[in-house]
Amino acid sequence: MLYAVFCYNQEDVTANWTKEEDDKVMRDLAAVQRKYGDAGKLGPVARLLPTTAATTLRHTVGETVVIDGPFAETKEQLLGFYVVDCASLDEALDFARELSAANPADGSYEIRPLAIYKPSEFPA
């Protein structure tokens with residue numbers, strides 16, 4: 001089963017890390033990634049740019065509006081995600097626990113099963 005692991009944290013905290021602090025966190029996270037990558041269980045990984053670089057397209061009642069930034073005002077922001085192939089939710093939780101242990105900042109990891117949708121692979 002493929003799982004998406006979404007990484008949430010307070011953007012203002014992580015944005016204020018020194019280069020050395022950020023580099024250490026990235027090295028520690030890379031060790032977790034390497035473990036799962038070497039086992040053939042790690043798919044795409046992305047670190048998102050700050051929410052100030054985001055654009056949201058919102059469609060409501062026949063009208064489409066484009067706004068700067070994320071749509072929701074939240075305490076924590078989505079900072080990145082992983083796609084990991086795990087035999088069970090417990091294994092996906094173990095992966096998230098390892099990521100959490102490698103990251104010194106408070107935050108959360110949302111684990112969600114993925115359903116692959118590829119319309120081009122379905123007959124017309």
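Okay, a definition to start: helices here are DSSP runs of H or I with at least four residues, strands are runs of E with at least two, and both are numbered from the N terminus. With that, the chain reads β-α-α-β-β-β-β-α-β along the sequence, which comes to three helices and six strands.

Quick housekeeping. This is a predicted model, with local features needing pLDDT of at least 70 and side-chain atom pairs counting only at pLDDT 80 or more, while totals for chains, interfaces and linings use all residues. Residues are numbered from 1 along each chain as its sequence is written, and side-chain values use heavy atoms, with hydrogens and water left out.

Now, α2, residues 19-38. After the helix comes Gly40, with a positive phi near 75 degrees.

What does that buried face pack against?

A nonpolar core is a set of buried Ala, Val, Leu, Ile, Met, Phe, Trp, Tyr and Cys residues joined through side-chain atoms within 4.5 Å. The largest one has 17 residues, and Val5, Leu29, Val32, Tyr82, Val84, Phe95 and Leu99 are those with the most contacts inside it. β1, α2, β5 and α3 each give two or more residues, with α3 giving the largest share, five. Take Phe95: leaving aside neighbours within four places in sequence, Phe95 is in contact (heavy atoms within 4.5 Å) with Val5, Val32, Tyr36, Leu42, Tyr82 and Val84.

Last stop, the largest pocket, at about 550 Å³. Of its 30 lining residues, Thr14, Met26, Arg47, Leu79 and Gly80 are the closest to the centre. And α2 turns up again, giving the most to that lining, six residues. For the record, a pocket is an open set of points on a 1 Å grid over the protein atoms alone, where a 1.4 Å probe fits, with protein on both sides within 12 Å along at least five of seven lines; lining residues have an atom within 4 Å of a point. The volume is the space filled by probe spheres set on the points, which are joined across faces, edges and corners.

Key: Buried < 20%, exposed > 50% of the residue type's maximum accessible area, 1.4 Å probe, protein only.
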